Amino acid sequence: MTVDLKEKPPLGRVIVITSGKGGVGKTTSSAAISAGLAKQGHKTVVIDFDVGLRNLDMTMGCERRVVFDFINVIQGDARLKQALIRDKRLENLSILPTSQTRDKNALTKEGVEKVLDELKQEFDYIICDSPAGIEHGAQMAMYFADEAVVVTNPEVSSVRDSDRVLGLLNSQTRRAETANAEPVKAQVLLTRHDPARVQSGEMMTVDDVLEILAVPLLGVIPESPAILRASNTGTPVVLDQPSIAGRAYEDAVRRLTGTEVEMRIEGERRPRLFQRLFGRAS
Amino acid sequence: MSLFSFARKQRRPKSAQTAKDRLQILLAHERSRGGADETDYLPMLQRDIVAAIRKYVAIREQDVEIRMERGEKMSSLEINIEMPRPTPS
Ligand SMILES: Nc1ncnc2c1ncn2[C@@H]1O[C@H](COP(=O)(O)OP(=O)(O)OP(=O)(O)O)[C@@H](O)[C@H]1O
Ligand SMILES: [Mg+2]
């Protein structure tokens, strides 16, 4: 199987993990999704766009091995190959860490494009971990995306910010600016979902959120202690000991690669509306 | 009995302790240069190494590979230089 994949040219698909609101689970999801893709045999690289607040390296567990970073490559101080850190667990997985000392303006459209073009020559999936907000850093992370995973918590400010980000994906990206190009394919990843609190009426349902955002659902990740444990040890949750959250991420990854996987929301019955939305999109 | 539980503890340490250990090592390095990235000098170091070796051997920029592993007591910097094949005379 690996031989098959190697003979094909790389897919070179750019996927941004974004949200608007901070702290909703972008970096956790970037780590889980990239590790999940690599685990399934796809050559994958995950890039930290959160310039100044390097965090992806800790989540991936490679913080002690960072030498050069994304900004060094953009500014010509290092070659891309030198800055890429190969994951010690999965040979298909590489990490491109960001700079801790520069500011976001070090990210230029031309620089980002050059790096992405070079990565497309080698990787099937290029996962871009966006910073929070809708400013320059977030815009650079989404600009060249083919697809977007909009990480959303079932909570008002997160849903509102996701809506704004969906608007930006439809207007402030290369695909949006290119005539006749397909728009960025955006999907919602609902994270920190708590079935018990949905049951008691404290938390919006998956249905509620999708009715408002009206984009397809990539998956539902439960609020889970497995996430904290995985981040403590620097292990993407799909590579840690089996957990419901890990399985939910693996399902989401399979959907991302075009496999139809039944949506399971642990502890919750499947609502009808998202069935419709999801069915329409796929 | 106690030996058994000791062995189990060793195999699966509590993740919070791992988190603390990782942070302590990382932050010690980060703070050592006044909050700045302690590896900020690496691009310059690389340039100097290439320049020094070029005095004797014709190598290219991309023939130098630098790897680092930060440890608790010490860090290791690994520099690999791919030397050109000797030209047949
Ligand atoms: N499903 C989950 N269950 C429990 N905790 C979670 C879950 N997802 C994320 N978290 C926790 O939420 C916090 C924020 O996660 P993360 O850093 O991934 O968010 P982020 O969107 O990348 O943040 P930022 O906007 O600052 O970049 C972390 O402490 C993480 O462990
Ligand atoms: Mg983050």
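This is a predicted model: local features need pLDDT of at least 70, side-chain atom pairs count only at pLDDT 80 or more; totals for chains, interfaces and linings use all residues.
# A walk through chains A and B

Residues are numbered from 1 along each chain as its sequence is written, chains are lettered from A and ligands numbered from 1 in the order in which they are written, and side-chain values use heavy atoms, leaving out hydrogens and water.

Start with the outline of chain A. Along the principal axes, its C-alpha atoms fill a box of roughly 55 × 45 × 40 Å. The chain holds 14 helices and eight strands. Both kinds of element are DSSP runs, numbered from the N terminus: helices are H or I with at least four residues, strands are E with at least two.

How much of chain A counts as buried? The share is 57% of the 282 residues. Buried means under 20% relative accessible area, exposed means over 50%, and partly exposed lies in between (1.4 Å probe, protein chains only). Contacts, meaning heavy atoms within 4.5 Å, tell of the fold too. Take those in chain A with a separation of 6 or more: 74% of them join residues 24 or more positions apart.

Now the surface and the charges. Chain A exposes about 12000 Å², and carbon and sulfur atoms supply 47% of that area. Accessible areas come from the Shrake-Rupley method with a 1.4 Å probe; for residues, only the protein chains shown count as cover. Chain A carries 37 positive and 39 negative side chains. Lys and Arg count as positive, Asp and Glu as negative; His and the chain ends are not counted. The centres of the two sets lie 2 Å apart. Each charge is placed at NZ of Lys, CZ of Arg, CG of Asp or CD of Glu.

Next, the cysteines. A disulfide is a covalent bond between the sulfur atoms of two cysteines. Here the term is given to a pair of cysteine sulfur atoms within 2.5 Å. How many disulfides does a search of the whole structure find? Zero, over all chains. A:Cys62 is in no disulfide, and the nearest cysteine sulfur, that of A:Cys128, is 16 Å away. A:Cys62 is buried, at 3% relative accessible area. A:Cys128 is buried as well, at 1%.

A:Ser162 sits in helix H8, residues 156–169. Its relative accessible area is 0%, so A:Ser162 counts as buried. Neighbours within four places in sequence aside, A:Ser162 touches A:Ser19, A:Val150, A:Val151, A:Thr152 and A:Leu213. A:Thr173 comes in the loop between H8 and helix H9 (174–177). A:Thr173 is also buried, at 0%.

Turn to the backbone. A:Arg192 is not a glycine, yet its phi is positive, about 55°. A:Arg192 belongs to strand E7, residues 185–193. Is A:Arg192 buried, partly exposed or exposed? Partly exposed, at 41% relative accessibility. A:Ala214 also has a positive phi, near 50°. A:Ala214 lies in the loop between helix H11 (206–213) and strand E8 (217–222). A:Ala214 is exposed, at 51%.

A:Pro225 belongs to helix H12, residues 225–233. A:Pro225 is exposed, with a relative accessible area of 70%. A:Ala245 stands 20 residues away from A:Pro225 in sequence and 8.8 Å away in space, C-alpha to C-alpha.

From the N terminus on, the order is α-α-α-β-β. Of its 89 residues, 26% are buried. Among contacts in chain B with a separation of 6 or more, 39% link residues 24 or more positions apart. The accessible surface of chain B is about 7000 Å², and 55% of it belongs to carbon and sulfur atoms.
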